[in-house]
Amino acid sequence: MATRDRFEAAFAEQTVEWAEEELALSTSEIASVVGGVDRKTVQRWRQGRSAPRAEHRKYLEYLNQLRHLLETSFRTDEAKQRWIHTPSPAFGGRTPFFVLTQGEIDTVLEVLAGLAHGSHR
């Protein structure tokens with residue numbers, strides 16, 4: 001694997017690991033979040049055996065944006081988990097977790113960015 005591919009494989013591995021551990025996303029849910037890839041592809045990323053393509057790397061970058069916004073918006077892990085699993089009018093009464101697993105990470109990022117910058121919907 002070329003140096004760039006190794007770097008991108010490590011980035012994917014770390015991102016998938018975070019999504020599994022911190023968001024409690026399953027492999028199938030992560031596959032949905034990152035543009036509908038096959039769950040076996042996510043498993044290869046998790047094991048550092050392959051690097052994502054550009055279109056999937058974009059969604060992994062979105063997951064890292066989500067990570068950053070969650071960490072800067074909430075002081076505790078409990079507060080993060082409460083927000084991600086509480087239905088919100090901003091999501092039509094759905095939870096951010098549900099919206100995320102439906103492949104609408106951009107919607108979750110938009111709402112969370114608004115919260116991080118002090119605006120409320």
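The model is predicted, with local features requiring pLDDT of at least 70 and side-chain atom pairs counting only at pLDDT 80 or more, while totals for chains, interfaces and linings use all residues. Residues are numbered from 1 along each chain as its sequence is written, and side-chain values use heavy atoms, with hydrogens and water left out.

**Core**

The largest nonpolar core holds 31 residues, among which L23, L63, L66, L70 and W83 touch the most other members; such a core is a set of buried Ala, Val, Leu, Ile, Met, Phe, Trp, Tyr and Cys residues joined through side-chain atoms within 4.5 Å. Buried here means under 20% relative accessible area, exposed means over 50%, and partly exposed lies in between (1.4 Å probe, protein chains only). At least two residues of this core come from each of α1 (3-22), α2 (27-33), α3 (39-46), α4 (54-73), α5 (77-84), α6 (96-101) and α7 (105-116), where helices are DSSP runs (H or I, at least four residues) numbered from the N terminus. Apart from neighbours within four places in sequence, L70 is in contact (heavy atoms within 4.5 Å) with W18, L23, K80, W83, I84 and L112.

**Aromatic pairs**

The whole structure contains 3 aromatic pairs, a pair being rings of Phe, Tyr and Trp (its six-membered ring) with centres within 6.5 Å, called stacked for planes under 30 degrees apart, edge-to-face for over 60 and tilted for the rest. Two of them are tabulated here.

| Pair | Centre to centre | Angle between planes | Class |
|---|---|---|---|
| F74 and W83 | 5.8 Å | 35 degrees | tilted |
| W83 and F91 | 6.1 Å | 70 degrees | edge-to-face |

F74, W83 and F91 form one aromatic cluster. F74 is buried at a relative accessible area of 17%, W83 is buried at 14%, and F91 is likewise buried.

**Packing of α1 and α4**

The axes of α1 and α4 lie 10 Å apart at an angle of about 50 degrees, which makes α1 oblique to α4. Axes are lines fitted to C-alpha atoms, for helices over the stretch in contact, with angles from 0 to 180 degrees between N-to-C directions; under 35 degrees counts as roughly parallel, over 145 as roughly antiparallel, 65 to 115 as roughly perpendicular and the rest as oblique. Residues of α1 including F11, W18 and A19 meet residues of α4 including L63, L66 and L70.

**A116**

A116 is found in helix α7 and is partly exposed, at 37% relative accessibility. Leaving aside neighbours within four places in sequence, A116 contacts L69 and S73.
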